[in-house]
Each structure stands twice: as C-alpha cells, then as structure tokens.
Amino acid sequence: PHLYDELIRVPLIVNTPDIGSKISQTPVSLVDIAPTLFDLTDIPTPDKVQGKSLLDLVDQDEERVTISACSGDTVSKNVSEWEYFATRTANWKCFWRRDIDRVELYDLTKDPGELKDISHEYPDTVNYFRELMEEHLNEAVETELTLPEVEKSENVKQRLRDLGYTE
C-alpha cells in the first residue's frame, strides 16, 4: 500500500498565543485540524466534521487511532473510490486494500519497518481496525460534496504549470 509511515508520518506544528510549546508523539491526522480550529475560536464543531481537537493533547498525551486513506496511483475526487486505508496507533498499523479486500497488520513496537504482516495472528485486532476504517469511509461519504467544475483562466493555468502541478 501507499500508506507506510515513511510517507504519512510527518510533523505537525501548531503555534497559538495562548498555548506554550509541547512535543507529542501521539499520532494525529489532518482531519483533526478543523475541530482544533473550531475549539481555538470557540465555535461549536459541526456534527459532520470528522476528527478530534488537538487541544486535548496540550495537557497530556493520549492513545489515539489515526486513519489515512488514498485512492491509489490516481487522484480521485470521490471518497467512494478510495482504495487504500491505514489505521495507526502508537503500537499498531493496519492496512486495508479495499479493491482486493486485503488486510495487513504490523506490530510497530517489534517491527517499526512494517516488514512482517501478522494479521493472521491477531484476527480480533484486525477486525477492530477494519471496523474503524469502514466507519471512517462511511462518515467521509456522508460529508462528500458535489463541487462544480471551475473554469481556470489562462493566468491560473500558467501559475499551476510554473509550480509544477500541471504540464
């Protein structure tokens, strides 16, 4: 899959005037940013927003499960087309390749390189993570929006080419 740690484990730096600096090893996800911003601005988080505020981590680290997803080699606008999912905790990583229904499980404390699939040894753990990934997919589908196609001006197209986003 495309969701090994060397591709998805990146630092997140948050700096606000009211909160001092802190380093946390707790895995978080980009979907946690929106609830955090709502908390920082004292705006109630809408029900359909996924993720969990990162302000909880200011006082203490906690066990969290993060979920990552991608659509494979192509970019997909539709959540329902996502093929690869991964759940991660401090100790476990579970992959689910939806298109062929294949699951892999790694014990990150013993196998940080994610080399030995032990899914057959821990079926209950696999089922737990699989349920979380399916629930995440269902929630994401519920929040999916149909966006209109936007016609780009020649200026915008050139800027995208200059930045290397298009040819």
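Arg 88 belongs to strand 2, which covers residues 84-88, in what is a predicted model. With a relative accessible area of 12%, Arg 88 falls under the 20% limit and is therefore buried. Leaving aside residues up to four places away in sequence, Arg 88 touches Asp 5, Arg 9, Pro 27, Arg 64, Val 65, Thr 66, Lys 93 and Leu 108.

Val 126, Phe 129, Met 133, His 136, Leu 137 and Ala 140 are the residues of helix 4 listed as buried; they cover an arc of only 100 degrees around the axis, so they lie on the same side of the helix. The face turned away from this buried side carries the exposed residues Asp 124, Glu 131 and Glu 142.

Salt bridges come to a count of seven, among them the following pairs.

| Pair | N to O distance |
|---|---|
| Asp 101 and Arg 130 | 2.7 Å |
| Lys 116 and Glu 121 | 3.8 Å |
| Glu 154 and Arg 161 | 2.9 Å |

Glu 154 is exposed at 51% relative accessibility, whereas Arg 161 is partly exposed at 29%. Through shared partners, salt bridges also join Asp 101, Arg 130 and Glu 134 into one network. Within the salt bridge of Asp 101 and Arg 130, Asp 101 sits in the loop between strand 3 (92-97) and strand 4 (102-107) while Arg 130 sits in helix 4, so the pair ties together parts that are 29 residues apart in sequence. Asp 101 is partly exposed, at 45% relative accessibility.

Key: Residues are numbered from 1 along each chain as its sequence is written. This is a predicted model: local features need pLDDT of at least 70, side-chain atom pairs count only at pLDDT 80 or more; totals for chains, interfaces and linings use all residues. Side-chain values use heavy atoms; hydrogens and water are left out. Buried means under 20% relative accessible area, exposed over 50%, partly exposed in between (1.4 Å probe, protein chains only). Helices (H or I, at least four residues) and strands (E, at least two) are DSSP runs, numbered from the N terminus. The arc is that of the directions from the helix axis to the C-beta atoms. Contact means heavy atoms within 4.5 Å. A salt bridge is a side-chain nitrogen of Lys or Arg within 4 Å of a carboxyl oxygen of Asp or Glu.
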